Structure formats: C-alpha cells, structure tokens
Amino acid sequence: MEWLYNLTGWQLALIGTTFTWALTAAGALLVFIYKNVSEKAFSFMMSSAAGIMLASTFFSLLMPAMEMTENYAYLILTGGFILGGLLIIVTDVVIGKLHMFTGSERKQSCAVMCIAVTMHNIPEGLAIGVAFGALASGQTAGAVAAVMLAVGIGIQNFPEGMCVAFPLRANGMSRTKSFVIGQLSGAVEIVAGVIGALAVQAVTGILPWALSFSAGAMLAVVCSELIPESFAQGKIKATIGVIFGFSLMMILDVAFG
C-alpha cells in the first residue's frame with residue numbers, strides 16, 4: 001500500500017474511477033448473453049431500472065448532499081433538485097421538437113434515460129476525485145475511506161450499466177452498440193474524478209448542488225419515462241420490478257455506501 005502514497009491525488013482518482021467504469025462496463029457486457037428481449041422482459045428491465053434510480057435518488061444523491069451541507073441545506077437541495085428535473089423536461093421537449101427518434105417513443109425514452117444515468121455518474125466521479133484528492137496528506141484513514149467509496153460506487157455501477165444497455169438492446173440495437181453506449185455512461189466518472197481531485201477545494205462546495213441536481217434528473221426520468229413504459233405491460237409485474245430494483249440498489253448503497 002505504500003506505493004499509493006507516492007501517487008498524486010489525480011492519479012489515485014484516475015485509478016479509482018477506472019475501477020468504477022470497469023464495473024459499469026461489466027454490467028453492460030451482459031447484453032451479449034441475450035439474443036432477443038421479450039415484451040415482458042423489457043417491462044421488467046424498465047421497472048427494475050426505475051427502482052434502481054429511485055433508490056439512487058435518495059440513498060446515493062440526496063442523503064449525501066444533505067450530510068455534507070451545514071447551512072441552508074433545504075435551499076441547496078431544493079434548488080439543485082428542481083434544476084435537475086427541469087433539465088430532463090427541457091431535454092425531452094427538445095428531442096420532441098427536433099423529431100429525434102420519430103415513430104418510436106421507446107427509443108426516445110432510452111435516449112433520455114441514457115442522458116440521465118450519464119449525468120448521475122458525474123457527481124459520483126467528482127465525489128471519488130474529492131476523496132482521493134484529500135489523500136495528499138497521506139492519512140491511512142483517508143485512504144481506507146476513499147477506497148471504500150470507490151468500491152461502493154463501483155458495485156452500484158454494475159446494475160446501472162445493465163439499465164442503459166438492456167433497454168437499448170430491447171429496442172433492437174445491436175449487442176455491440178448497446179454495450180458501447182452502456183459502458184460510456186460510466187466513462188464520464190473518470191473525467192469527473194480527475195477534475196474533482198485537481199480542484200478538490202472548489203468541488204467540495206459544489207458537490208451538494210451536483211448531487212441534488214442529479215437526483216432531480218433521476219426522478220424526472222423515472223416519472224416521465226420508465227414507470228409509464230413499464231406499467232403499460234402489466235401493473236403487478238412492473239411493481240415487482242420496481243421493488244426489486246429499489247431493494248437491490250438500497251442494499252448496495254447501505255452496505256457499501
């Protein structure tokens with residue numbers, strides 16, 4: 001472990017976020033074992049994704065943002081949350097105005113979800129960068145905390161890679177393209193992590209805004225895209241999917257967060 005202390009903060013952040021990206025890619029890689037995706041499977045994927053994203057909204061985003069905000073937490077969380085939700089609404093409107101993915105509401109839903117999941121990974125990457133950037137002091141406790149943060153986020157990224165790649169595959173996209181787009185949603189953590197480590201002081205103040213902003217985006221996608229789409233194929237099965245996804249992400253967040 002001594003060699004870790006010889007690395008700079010941004011180098012440590014690069015290693016940590018590369019690990020989290022690798023687990024995102026591993027989740028997306030599972031699309032290669034499926035040849036076709038049925039309507040029922042698609043519904044379960046979408047509802048599970050909804051549950052995962054709902055849990056992430058609270059456990060991975062809003063709770064950490066609240067814990068790291070001492071003053072005016074309600075203003076920061078509410079402001080960031082509303083702005084994040086508005087971004088997804090505006091994105092959805094713009095996609096419709098530009099007639100992107102014409103004739104396929106599912107493809108439009110997938111596009112918006114990919115944007116939201118990718119945006120969700122940005123503050124996570126920043127958090128990892130901040131944690132490893134603080135390791136410049138060489139404190140062992142700080143090293144353990146930073147490593148566990150990267151491990152926890154990496155484990156959470158595994159189902160997120162599936163959430164992006166599987167719906168794309170269900171919409172007829174090739175397995176290779178579904179995998180590439182799925183793993184790219186986690187690649188932004190590498191860039192964000194390095195930036196976070198290089199600007200650790202500034203990012204520490206910005207992070208609560210970024211986390212709550214991402215939470216608003218997550219909830220907007222779940223309400224406008226995932227839940228309506230999945231529940232159209234059957235209320236009971238979709239409800240089971242939401243509960244399953246929420247429980248999975250809650251366990252990962254509580255156990256490794």
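Visitor: Before we start, what do buried, partly exposed and exposed mean here?
Guide: Buried means under 20% relative accessible area, exposed means over 50%, and partly exposed lies in between, with a 1.4 Å probe and protein chains only. This is a predicted model, in which local features need pLDDT of at least 70 and side-chain atom pairs count only at pLDDT 80 or more, while totals for chains, interfaces and linings use all residues. Residues are numbered from 1 along each chain as its sequence is written, and side-chain values use heavy atoms, with hydrogens and water left out.

Visitor: Which residues of H6 are buried?
Guide: Among them are Ser178, Gly182, Gln183, Ser185 and Glu189; helices such as this one are DSSP runs (H or I, at least four residues), numbered from the N terminus.

Visitor: Where is the kink in H6 centred?
Guide: The kink, of about 35°, is centred on Ser185, where the bend is the angle between axes fitted to the seven residues ending there and the seven starting there.

Visitor: Switching to rings, how many aromatic pairs are there?
Guide: There are four aromatic pairs, counting rings of Phe, Tyr and Trp (its six-membered ring) whose centres lie within 6.5 Å, with planes under 30 degrees apart called stacked, over 60 edge-to-face and the rest tilted.

Visitor: Why is the Phe32 and Phe179 pair tilted?
Guide: Their ring centres are 5.8 Å apart and their planes are at 55°, so the pair counts as tilted. Because Phe32 lies in the loop between helix H1 (9-28) and helix H2 (39-67), and Phe179 in helix H6 (residues 175-198), the pair ties together parts 147 residues apart in sequence.

Visitor: And which residues form a ring cluster?
Guide: Phe58, Phe59 and Phe246 are linked into a cluster by ring pairs.

Methods
Helix = DSSP H or I, 4+ residues; strand = E, 2+ residues; numbered from the N terminus.
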